[in-house]
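Please have the sequence and the structure open while I talk.

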Amino acid sequence: MPTALITGATSGIGEAAARAFVDAGWHVIGTGRRAERLEALKAELGDRFHAAVFDVRDEAARDAALDALPATFRGIDLLINNAGLALGLEPAQKASLSNWKTMIDTNVTALASITHKLLPMLVERKGAIINLSSVAATYPYPGGNVYAATKAFVRQLSLDLRADLHGTGVRVTSIEPGMAETEFTLVRTGSQETSDKLYGGMNPMTAEDIAETLLWVATLPPHLNINTLELMPVNQSWQAFAVHRE
Ligand code: NDP
Ligand code: 8X3
């Protein structure tokens, strides 16, 4: 059975994906900083799950964790670049530079770095990469600023990887969800109440919805590549352009 490395498996989409892939018979390496959550997942999912605790921004810790993989998890067929975050919803002119740097370091630099690290193995194994971008990559919204820009990077990197990987058999997909209720908004705002209000009454997507999509993309016949896939809850759509009058 193939092996998937899922970054950010301690909550939300990554955690649901770890369950979905193990249930489907895959071996899964789940990563994240919160060791206790990965250990709980290991206790639940058993021998087909391996917990790799590291901060994706720490290349030395990441490489040590990859070097220490048990033999059955060493051949990675699928990289799901899911670990990521938004911090803050302030307009750019009031936003925290430190938050911007954390988002760029995590969503852009760390994602590019682990992709670079695993690409030779993925080419050798004719594997696949699925990147978690967002609708924010395409549709600007107030307060999206650097978070949205990081997700536009993820989308474009996915497309450009396809160009470079042409002929290798490696598949690359950019998944672009709208509102899915996870810990995303709690992390972004620091408030469970704000998160509950945002998702309340609008029937958001669930982490499991996205996990099923990831599994579907990963198990398509090898001659098919989903380039980009955008998904939203029915109750999320767009508004008219904002017009300011003097
Ligand atoms: P969660 O906050 O529930 O999960 C985020 C995951 O990323 C956690 O497992 C967290 O692990 C991990 N992570 C964050 N920073 C780091 C880090 N420095 N090192 C290692 N792991 C890290 O959010 P979601 O499940 O919603 O988000 C998953 C992905 O989906 C993100 O990339 C997000 O941008 C994207 N997305 C989410 C949408 C949504 O509406 N929920 C919509 C569109 C895209 P830990 O804290 O333990 O390290
Ligand atoms: C976040 C998606 O729609 O919550 O990536 O802004 S949304």
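**A residue in the interior**

Let me begin with Leu214, which touches Ile13, Ala17, Phe21, Ile80, Ile130, Leu132 and Ile175, leaving aside residues up to four places away in sequence; contact here means heavy atoms within 4.5 Å. This is a predicted model, so local features need pLDDT of at least 70 and side-chain atom pairs count only at pLDDT 80 or more, while totals for chains, interfaces and linings use all residues. Residues are numbered from 1 along each chain as its sequence is written, chains are lettered from A and ligands numbered from 1 in the order in which they are written, and side-chain values use heavy atoms, with hydrogens and water left out.

Leu214 lies in helix H8, residues 207-218, where helices (H or I, at least four residues) and strands (E, at least two) are DSSP runs numbered from the N terminus. Is Leu214 buried or exposed? It is buried, because its relative accessible area is 0%, and buried means under 20% with a 1.4 Å probe and protein chains only.

Leaving aside residues up to four places away in sequence, Ser158 touches Asn131, Val172, Thr173 and Ser174.

**The chain as a whole**

The chain has 8 helices and 9 strands, and buried residues make up 50% of its 246 residues. Among contacts between residues at least 6 apart in sequence, 68% join residues at least 24 apart. Along its principal axes the C-alpha trace spans about 65 × 40 × 35 Å.

**The two ligands**

Turning to ligand 1, 30 residues surround it, and the closest are Thr10, Ser11, Arg33, Tyr147 and Thr182; to be counted, a residue needs a heavy atom within 4 Å. A polar side-chain atom of Asp55 lies 2.9 Å from a nitrogen atom of ligand 1, and a backbone N or O atom of Gly178 lies 3.2 Å from an oxygen atom of ligand 1. The protein covers 96% of the 880 Å² of accessible area that ligand 1 has on its own, with areas taken from the Shrake-Rupley method and a 1.4 Å probe.

Which side chain has an N or O atom 2.7 Å from an oxygen atom of ligand 1? That side chain belongs to Tyr147, and an N or O atom in the side chain of Tyr147 is also 2.6 Å from an oxygen atom of ligand 2. For ligand 2, Tyr141 contributes a side-chain N or O atom at 3.1 Å from an oxygen atom, and Gln236 a polar side-chain atom at 3.0 Å from an oxygen atom. The protein covers 87% of the 250 Å² of accessible area that ligand 2 has on its own.

Notes: Polar contact = N/O pair within 3.5 Å; in protein donor to acceptor, adjacent residues only side chain to side chain.
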